[in-house]
Amino acid sequence: MTRRALGWRSNNLTTNQYRGALMTPDEHLAYHRELARELAEAAKTGDRVDAFSIARPLRCDMGHWLHHDGVDELGDGPLYREAVERHNEFHKAAELVAKAVNVRSSESQRMMAPGSTFAIALNGLEMLTIKLNRALKGQRVA
Ligand SMILES: [Zn+2]
């Protein structure tokens, strides 16, 4: 049984490696889509995932960004709070799926199906990305 690589970079995060602030909202979204893809893959193959890291929003680049620079870039308003909330919701939903995957639950694939809490949380991140792109447009110098 192979242990999938998910979360490896989060485990090794140091200040030097922190790059969340350099990433665009689209890149943050891509990371979470990749996480979703790996969970789906692991559910099929029976591989284990790093549920401990997946469960922790601050262990991913977007979480770091929100925790450190995000509040400066977005301000402490409704969009910032929505971003933190949606990001947390995604990791919470992903944790439940990850745990189901790790015990090879027959439910794990259904837990990622359209309409599931996980799918809705991922969709929430997609909607959020549109708003973040709009809000950050012009603020960041390319
Ligand atoms: Zn995240």
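Let's begin at the start of the chain, where pLDDT (the predictor's confidence in each residue, from 0 to 100) stays under 50 over residues 1–16. For that stretch the model has 26 contacts beyond four places in sequence, a contact being two residues whose C-beta atoms, placed from the backbone, lie within 7 Å. Where pLDDT is low, the predicted coordinates should not be read in detail. This is a predicted model, in which local features need pLDDT of at least 70 and side-chain atom pairs count only at pLDDT 80 or more, while totals for chains, interfaces and linings use all residues. Residues are numbered from 1 along each chain as its sequence is written.

The protein chain averages a pLDDT of 87, and 82% of the residues score at least 70. Confidence is lowest in helix 1 (residues 8–11), with a mean of 39, and highest in helix 5, at 97.

Now for the overall layout. The protein chain has 6 helices and 0 strands; these are DSSP runs numbered from the N terminus, with helices being H or I of at least four residues and strands E of at least two. Of the 142 residues, 33% are buried. Here buried means that 20 or more other C-beta atoms lie within 10 Å of a residue's own, exposed means 12 or fewer, and partly exposed is in between, with C-beta atoms placed from the backbone. Among contacts between residues at least 6 apart in sequence, 79% join residues at least 24 apart.

With 21 residues, helix 2 reaches 30 Å from its first C-alpha to its last, close to the 30 Å expected at 1.5 Å a residue (the expected span is 1.5 Å times one less than the number of residues). Its buried residues include Leu35, Leu39, Ala42 and Ala43, and the buried residues of helix 2 pack against helix 3, helix 4, helix 5 and helix 6. After helix 2 comes Gly46, with a positive phi near 85°.

Helix 4 makes a contrast. A straight helix of 14 residues would span 20 Å at 1.5 Å a residue, but helix 4 spans only 16 Å between its end C-alpha atoms. Look at His68, where a kink of about 55° is centred; the bend at a residue is the angle between axes fitted to the seven residues ending there and the seven starting there. Buried residues of helix 4 include Trp65, Leu66 and Leu74, and their cover includes helix 2, helix 5 and helix 6. Just after helix 4, Gly75 takes a positive phi of about 80°.

What do these helices build together? The largest nonpolar core has 30 residues, and Leu39, Val49, Ala94, Val97, Ala98, Val101 and Phe118 touch the most other members. Such a core is a set of buried Ala, Val, Leu, Ile, Met, Phe, Trp, Tyr and Cys residues joined through C-beta atoms within 7 Å. At least two core residues come from each of helix 2, helix 3, helix 4, helix 5 and helix 6, with helix 5 giving the largest share, 8 residues. Beyond four places in sequence, Val101 is in contact with Leu39, Ala42, Ala43, Val49 and Ser108.

Ala51, in helix 3, counts as buried because it has 21 C-beta neighbours inside 10 Å. By contrast, Ala113 lies in the loop between helix 5 and helix 6 and is exposed, because 10 other C-beta atoms lie within 10 Å.
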